[in-house]
Amino acid sequence: MSINIREIKSFFYSQYFSDGIRICIGILLPSLLLMQFDKFDLGLTLSLGALCICVIDTPGPVSHKRNAMAAGNLCLFLVAAITGFARLNVFTLGFEITFFAFLFSMFTVYGNRAASVGTSSLLIMIFMMDKALTAPEVLGYSATILAGGVWYMIFSLLFFGIRPYRAAQQALGENVTDIARFLRIKADFYLSDTDIDENYRKLVSKQIQVSQHQDAVRELLFKSRIMARESTAPSRILVLTFVDLVDIYEQIMATHYDYNHIREKFKDTGVLTEIARIIHNMADELDDIAYIILSNTRRRHLTDFTIELEKLKVKIDSIGKNNQETSNLVLKKVLVNLRSLSEGINNIYKYYSSKAAESLNEPKGDVEYSAFVTHQDFAPHIFFDNFTLASGAFKHALRVALVCLVGFITAKLVSLGHHSYWVLLTIIVILKPGFSLSKQRNYQRLIGTIGGGVIGIAILTFIPNLTAQFIFLVIFMMGAYSFQRLNYVVSVIFMTPYVLILFKFLGVGLLNVAQERIIDTIIGSTIALVASYLIFPTWEFEQIQETLRDVIVANINYLVTIAESISGKMISITTYKLARKEVYVKSANLSAAFERMTSEPKSKQRKIKDVHKFVVLNHILSSYIATIASAQSKKEIPVAHPEAMKLIKKSITVLNDTGQKLHAENIEFNIGKIPPVNPEALKPVAQAEDALLKEQLGFINKISYDIAKITDSILLEP
């Protein structure tokens, strides 16, 4: 029960709830204030402008928000004015809807924030298409909408200006929570009753969320002028925490072994259950850290894993006494990983446990943090270079344009009331570049609209008190915007009664509006789903080769970096961490592509079993490389044995050959020659370490060949 209470509290501290409050206040305030001066209609128009601009107000550096909202406001005024004049003739309005739907959908070529500017522009176009205005009124009304958008932009920037570090804290806390869940999934591999294949599915799915949140934190920490240039105590703590958190994630990745083998070998010792228990306890500690970061509090570290790890060491040593020296070496490696995890957790607790955190220095090393974030190019040629059916963005824009035209015609012909824009609104919200995303959003919107409609009708029927209805409106509004990125079904369930109550206050009939919204949503959903299947469909298998190529290239670069380090070459921390980051990001992209593929029609799921095998093999490969990288960073690899280096070169060559089959460029590497080493000159521990290193490199070599085979199978025409 306490866990549930903690999760509820964490939600109220999260960026999702913070977003909900900010957006709710930003939209409602103009209407509520002007209503006191009998200017409610003016207030509603201002709120409409704020409603459209809030779409752009997604997590990220404040400078990016400011620039995007400024561009959005310019588009808002132009589109509102053009639509106001175009709607005077049904044919010009139809042409405008088709053209703007294509134009603003193409904004996706410039990234997610630019795409949100396009969505904001399409929203005001849809809201304006049924607005009865005479020609002289159009510019004034458009200027009022612009004023509402500018109001929201100023309000949002002030909101972040008051607490400049809060957004980064929230994103970081949510990332810690994701890593804790990822760690629990890893722990289950040591339990004999866990299905390994099913656990891999959970693992790669969770890896997507970890990667997405890590990217969000990087954006906030390393692209923000405040974080990057001001060496304040809060910024140092955030950067230090994130650096340690990524290292902890690497340690979690590094705790990967042949689970079938170690289960068979140590199943009767009870040591694997003990390892799983300790890992679960460490995940609980990470959850505590997440709560500390989200709630911005200080707390004493209550759990000391030293005693438990010492007991585990005694148990592992006792197993080794009855076998050969190397028989328990894998368990010793697991113990080393657990100690590193414990150390990382202790380090983060220090940052949040006392005032001493304010005297912390910047992270040591020659890391250039600006290299870890991507920089969007807004050159015009990128827009026009995508004018080809080979571009997914171009096909999506064409699809949206054609479907919006069909939706507009349908709305004019069969719409039940005066809010025919709901058909187009549903289409814009549901239609995504890929079929699987459109299908998922379609299902979520239908369920949410019907469920929310029932709730809204029940409240308005059985709770006639206007004050109570307004309180519900505010609650539903906050809920809708709090869950829009967290859980879309819940967001729509909140959104529908909020809209119904709003229209009730505006004097529109309850049952008519509910019936209208549900039927128009069904019409729009049906059109969007059919269109995503028939009109320039984009299937994951058509793009999977590019995704496979990217992840192979990332693993090659990671392996080359580790090999050079083992061979004695000096590798900068930035180079190493960039290689590591690329593997994690590309692996998450591959996992996301596979998940989308599973949601597509069976007839379009080509080679899906082989793709799944590739996803699992890739995870195993990157985990084994991370294991060696972790050992190398701690100087646990005493010598680069020639046989070991030969195995690395073989693996790189195999992966290079596989990458070239996917049209990747050959990656040149020059590890150099390693002088022969006399095994007798090594200490027994060094001999064991060297033996384990060769064993792990041998497994990497085997996995590389397996990846080559499965890639051949994927590329083989059916």
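The secondary structure of the protein chain consists of 27 helices and zero strands. The model is a predicted one. Of the 718 residues in the protein chain, 54% are buried.

**Chain totals**

- Among contacts in the protein chain with a separation of 6 or more, 83% join residues 24 or more positions apart.

**Nonpolar cores**

- In soluble globular proteins, nonpolar side chains tend to be buried together.
- The largest nonpolar core holds 119 residues, and the members that touch the most others are Tyr190, Ile275, Leu338 and Tyr558.
- Another core lies apart from the largest one and has 79 residues, including Phe107, Tyr421, Trp422 and Val423.

**Surroundings of Tyr558**

- With neighbours within four places in sequence left aside, Tyr558 contacts Glu250, Tyr576, Ala579, Arg580, Val583, Tyr584, Ser622, Ile625, Ala626 and Ala629.
- Tyr558 is also one of the residues touching the most other members of the 119-residue core.

**Nonpolar surface patch**

- On the surface, a nonpolar patch is formed by Leu74, Leu78 and Ile82, which together have about 270 Å² of accessible area.
- Leu74 belongs to helix α4, which covers residues 62–86.
- Leu74 counts as exposed because its relative accessibility is 53%, and the cut-off for exposed is over 50%.

Methods. Residues are numbered from 1 along each chain as its sequence is written. This is a predicted model: local features need pLDDT of at least 70, side-chain atom pairs count only at pLDDT 80 or more; totals for chains, interfaces and linings use all residues. Side-chain values use heavy atoms; hydrogens and water are left out. A nonpolar core is a set of buried Ala, Val, Leu, Ile, Met, Phe, Trp, Tyr and Cys residues joined through side-chain atoms within 4.5 Å. Buried means under 20% relative accessible area, exposed over 50%, partly exposed in between (1.4 Å probe, protein chains only). Contact means heavy atoms within 4.5 Å. Patches are made of residues with over 30% relative accessible area and no salt bridge: like charges are joined within 9 Å, nonpolar side chains (Val, Leu, Ile, Met, Phe, Trp, Tyr) within 5 Å. Accessible areas come from the Shrake-Rupley method with a 1.4 Å probe; for residues, only the protein chains shown count as cover. A salt bridge is a side-chain nitrogen of Lys or Arg within 4 Å of a carboxyl oxygen of Asp or Glu. Helices (H or I, at least four residues) and strands (E, at least two) are DSSP runs, numbered from the N terminus.
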